[in-house]
Structure formats: structure tokens, C-alpha cells
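User: Got a two-chain model to go through. Can we do it quickly?
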Amino acid sequence: MLTDTFKLNQSAITLLSLLALLGIWQLAAGLVHSQTLPYPLQVAQVFWQATQSGELPYHLGVTLLRLLVSFSIAMVLGCAIGVTLGNNKTVDAFFDHWLVIFLNIPALVTIILCYVWFGLAESAAILAVVINKLPNVIVTIREGTRALDKDLLEMAECYRFDRKKTLVHVIWPQLHPFVMAATRSGLALIWKIILVVELLGRSNGMGYQLHLFFQLFDVASLLAYTFAFVAVIQLIEWLLLRPLDRKALRWRR
Amino acid sequence: MNDITISIQDKTYRSKHAEDRQHQVIADLQLGVGRNEFVCLLGPSGCGKTTLLNMIAGLDSHYQGKIQIGSLATTARIGYVFQNPRLLPWYTVRQNIEVVFEQTPPAALIDSLLADMQLSDVQQVYPERLSLGMQRRVAIIRAFAINPDILLMDEPFVSLDAPSARQVRNLLYSLWQQRPHTVLFVSHDLREAIALADRLIFLSPPPMRIISDIPVHIPRELRNDEAQIEAFREHLLNQHPAINGLL
């Protein structure tokens, strides 16, 4: 009963907060009264047209595909390297310096270099995103591997768990929160980088479109695309990440 | 015939930071444990009892010497009840027991062990929601369920209140009588050790060696008799005054 009212209150607050934001926007647009700040309704119309013409879904789809490919490569490689470094102090001491350097190279530099060295190709674009994301995954998973509970690993060894069994039953449940953290921060990072990659060297995708709107000073389209973008991120969070969290953490007190 | 033959010349912990800081835990330890014998190891804390159990379990192989288990050292099943329960927190009580089996877990056996330890009601509960005493009982079931050739127990009753400790001790004892196997039991508590063991091994502070090796001749059916235990203890302490300083 109590929790029900609380939930109701929460959704009321969410609704109110979003409406307030919309209200401020409407008010500001009225005050400025210029093409550079369109009304919410105008943006909604542009959004609807772009969706119906298939233009927005196409470019959004292209960007999502790039995101999926580069994210998967970065996560798989990052987990493998992160676990290796977390388990082996010598290898870690050697590669730690590389990691620090790669962590501090600005994203833009990697993108430009990839295009210069490998041409304005799809593979160069993916590679640029992967190189930007990889060090973050490695560092997070390395922390997770270092934090593995030695007591439980000893228990597994004593009860003759083989490698696969140890990985599935003992290691993976402990790494899971770190993988989730790497996933969340990774998605946020890749979203931002991938647009720059597209802006600089691709002829489709969200980044390319935003660049086009900038040249045309088409703010309504720009905002319409932005909202599509934000909505997709929220959908991924709600439909994919949260349920995964809940499933994995139900044993916690 | 010995089930476990231990012959360790040297076990030294080396500090990684300073070469000169070495800590010899065991020097020249010889111990044989017979088949289905219940042996209690007693000694001051920090004397290396846990280290010795880890070496027997095969978790620590950095030592000079030899530990032979049975005739086929590689196939001996070892049940180990650690000092802390070491349950997998993401699995329920029952899953924690089932996970240690290579083949299909024996449902009937697990049911009866859970019932014996009075854990049937909580078998679907996650360990972190249970008291430490209950978690310890789960760890004991896990070690028993695989029907081990050798059971290692590292102070499994420590930090339990006296009634729970007594209850779990009696349960352990009846389980052991139903299915005898070799037990090495580390304890601080002389009364507990006398109540359970065939043999008491008293160990010195490091470097660890055996100070005395005393058989307990109280008949099994009298082990629940407090007076018997107390009398044995008095006698023991009078005969071996050195023991008093150890515990």
C-alpha cells in the first residue's frame, strides 16, 4: 500500500518535471521568436515527417548498427584483456603505461589518425570508436578481476571445479557488476564519439545528418534527431540494462 | 595403514617486499592419520593450522616435503569446511550444495542432510539472508554431501553461541558415525576436541611442531557426558602442564 503510493508519487513527479521542461522551452521560444529556437510543436512536426519519409529511421539505424558492432568488439576484447591484466601482475605492469597513454589520447586525434591511415572507410570508423572505448573497458574489468574473492576461488579449487565451471559459477557473477558499469559508461561514451566519427568521414548516420542541419541552420531537424537519439538511449536502459541488473542482483540483501 | 601421511621439512612465507622478512611456519613436521580416524589439531592461533589444512587440500603447494593422501592422491575427494563459510552469495542454500557435484546432485541425500541440519525451510534462501550459524551448517552439508574421503574442518563452530555449537557438533558427530571417513579438525576448544576426536594433536607456536599426540579413550557412547569430558580434560592438563600455555 505504502509502496504503491510512493510509486504513484514518483511517476507524478517524473511527469511534472518533463512538463515543466516543455513549458520552459515553449516560453523561451515565444520570447526569442526566431528560427533558431523553434517551438516544441514545430519540432514534433519535423520529427513526424522525418520518421514517415524513412530518413530518420535510416540514419538512426545506420548509427545504431555502427554502435552495436564497435561496442561488441570493444567489450569482448576489453573483457579478455582486462581479465588477463587483472590476473597477471607482470603483464599488467608492462601494459599499464600503454593504457595510461591510450586513455589520455583525445578521441578526435584517434578518429583523424584512423581516417588518415586507413582511409575514409567503414572499418576505419569502427576502429576509431573501438580504440576510444577499449581502454575504459580494460581498466574497469581489470579492477573487477583484482577484486575477485580469493576465498571463493580456493573453495572452487578444493571442490575440483574445472575452468569452465569456475568461470560460470564463481567468476562471472562477481564480474557482472563491472561489466554492467563498463556497458553503461561505454554506451554513453560511444554515443558521443560515433557522431564525431560520422561527421568527419561518413556519408550517412546521425553525425552526418547533424552536420548537414548545421550547415543549413535547420535547428528544428537538429532537435528532432536529438530527441530520437535520447529516446533510444532511454529505451536501451529500460528494456535491456535494468532487467539485466535486476536479474543478476536479486540475491543481494 | 595411514590415510594421510604428512612429512614436511619446511614451509616458509616470504614477504614480497623485503628479502630479509621470512616467516617459517612449519619445520620438520611428521604426522600420520589412519583411515576413518577423527583427529583434532589444537594449538595457539597463528601457529599455522590453517596453512597445514590448505596444504593438505592442495591449495598451497609452496613447501618442501610430501603429503600423501590414500594410495591414489589425485582421486581423493576432499571436503573442506573453511573458517568462514565461503558460500556463493548468488546461489541459494540448495544451489550452493548442488554446485559442488560434477554429475547430477543426489536429491534424496541433500534432502536428508538439510533436514538433519534443520535447514529444509531455508533451502531456497540466499546465504546473506541467513545467520552465520546457518551459513556454517550449509558449508558443513556441502562438505559432507560429496561423501569425501577426507574431511578437513577449520574451526567450524567458532563464533557460534554455545547451544548452537553443541547442536551442530552433535549433528556433525552423528553424520560422521553414519558415514565414517577420515577427519582432520582444527579447534581452539579442548572440551569440543575431547568430545569429538580419537586423537588430539597439540601443536607449538611457529615454527610448528607436534608437542604431544594423545589418544582419547573415552567410549563413543559416553562422549555426551559432560563429567567424562571434564574428567579427561583435568587429567590431561595435570599430565601435560605444557598444554595449558598453548590454549
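User: What is the helix content over residues 58–86 of chain A, and how far apart are the end C-alpha atoms?
Analyst: This is a predicted model. Residues 58–86 of chain A are 100% helix and 0% strand. The end C-alpha atoms sit 41 Å apart.
User: Which feature does UniProt place there?
Analyst: The UniProt record, an unreviewed entry, gives "transmembrane region" for residues 58–86 of chain A.
User: Switching to confidence. What is the mean pLDDT of chain B?
Analyst: It is 85, and 94% of the residues of chain B reach 70 or more.
User: Which element of chain B has the lowest mean pLDDT?
Analyst: Helix α8 of chain B, residues 241–246, at 74. Helix α2 of chain B, residues 93–98, has the highest, 94.
User: Now the interface. How much area do chain B and chain A bury?
Analyst: About 2200 Å², 55% of it on carbon and sulfur atoms. On the chain B side, L59(B), R86(B) and W90(B) lose the most area to chain A, together 29% of what that side buries.
User: How many residues does each chain bring to the contact?
Analyst: Chain B gives 28 and chain A gives 19.
User: How many salt bridges cross the interface?
Analyst: The rule finds 2. One of them pairs E154(A) with R86(B), closest N and O atoms 2.9 Å apart.
User: How many residue pairs are in polar contact across the interface?
Analyst: There are 8.
User: Which element of chain B gives the most to the side touching chain A?
Analyst: β5(B), with 3 residues. That side of chain B divides into 17 nonpolar, 5 polar and 6 charged residues.

Technical notes. Residues are numbered from 1 along each chain as its sequence is written. Chains are lettered from A and ligands numbered from 1 in the order in which they are written. This is a predicted model: local features need pLDDT of at least 70, side-chain atom pairs count only at pLDDT 80 or more; totals for chains, interfaces and linings use all residues. Side-chain values use heavy atoms; hydrogens and water are left out. UniProt positions are given in the numbering used here, feature names are shortened, and annotations may be inferred rather than shown by experiment. Helices (H or I, at least four residues) and strands (E, at least two) are DSSP runs, numbered from the N terminus. pLDDT is the predictor's confidence in each residue, from 0 to 100. Contact means heavy atoms within 4.5 Å. Buried area is the accessible area (1.4 Å probe) that two parts lose on being put together, summed over both. A salt bridge is a side-chain nitrogen of Lys or Arg within 4 Å of a carboxyl oxygen of Asp or Glu. A polar contact is a pair of N or O atoms within 3.5 Å; within protein, one must be able to donate a hydrogen and the other to accept it, and residues adjacent in sequence count only if both atoms are side-chain atoms. Ala, Val, Leu, Ile, Met, Phe, Trp, Tyr, Cys and Pro count as nonpolar, Asp, Glu, Lys and Arg as charged, and the others, Gly among them, as polar.
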